[in-house]
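Q: Could we go through the strands and helices of this model together? Please begin with the helix packing.

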Amino acid sequence: MRCPFCGYEESKVIDSRPTDENERIRRRRECIQCSKRFTTYETIEDVPILVIKKDRSREVFDRTKVLKGMLRACEKRPVNVAELEHAISEIETTLQSAADREVTSVRIGELIMEKLREIDEVAYVRFASVYKEFDSASSFIEEISKL
């Protein structure tokens with residue numbers, strides 16, 4: 001770590017502790033050459049998840065977009081937004097823990113449907129009707145019979 005005072009490239013860590021949110025580590029360092037102290041923060045490098053859409057284009061995973069879709073499916077249902085936020089966090093964790101940094105929109109849709117099925121069956125059917133592009137009443141009946 002380069003000293004901000006003299007530019008020397010070696011320093012020693014004097015103190016190390018997590019921040020309040022446990023998102024970063026705060027380190028107090030001392031320059032070996034000039035003996036001045038400074039603080040650095042260490043964070044985990046976020047590698048974005050890329051979503052491969054049906055038209056083969058790619059975009060960065062956007063949890064706000066997922067929340068909007070889930071809220072639309074849960075409209076006028078007794079579903080708490082905190083439940084949806086928690087479900088999205090679980091989906092994001094699943095995606096982050098996968099080896100591949102690219103995921104298809106189809107896979108994300110399946111994960112959303114799994115979570116909605118647990119939260120509210122009506123919301124699940126609403127989401128599935130748009131996601132699976134139901135074109136008849138028999139498609140609805142078929143999906144409901146799976147429940």
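Q: How do the axes of H3 and helix H4 cross?
A: The axes of H3 and H4 (residues 121-131) come within 8 Å and cross at roughly 160°. Axes are lines fitted to C-alpha atoms, for helices over the stretch in contact, and angles run from 0 to 180 degrees between N-to-C directions. Helices (H or I, at least four residues) and strands (E, at least two) are DSSP runs, numbered from the N terminus.

Q: Before going on, what kind of model is this?
A: This is a predicted model, in which local features need pLDDT of at least 70, side-chain atom pairs count only at pLDDT 80 or more, and totals for chains, interfaces and linings use all residues. Residues are numbered from 1 along each chain as its sequence is written, and side-chain values use heavy atoms, with hydrogens and water left out.

Q: Are H3 and H4 roughly parallel or antiparallel?
A: H3 and H4 are therefore roughly antiparallel to each other (angles over 145 degrees count as such).

Q: Which residues of H4 make the contact?
A: Glu 121, Ala 123, Tyr 124, Phe 127, Ala 128 and Tyr 131 of H4 do, where contact means heavy atoms within 4.5 Å.

Q: And where do H2 and H3 stand?
A: The axes of helix H2 (residues 81-97) and helix H3 (residues 105-119) come within 10 Å and cross at roughly 140°.

Q: Turning to the sheet, what is the strand order?
A: Three strands form an open sheet in the order S1-S2-S3, with antiparallel pairing; two strands pair if DSSP finds at least two bridges between them. The edge strands are S1 (11-18) and S3 (37-43).

Q: How many bridges join S1 to S2?
A: Seven bridges join S1 to S2 (residues 24-31), and Ser 16 has Arg 27 in S2 as its bridge partner.

Technical notes
Parallel < 35°, antiparallel > 145°, perpendicular 65-115°, else oblique.
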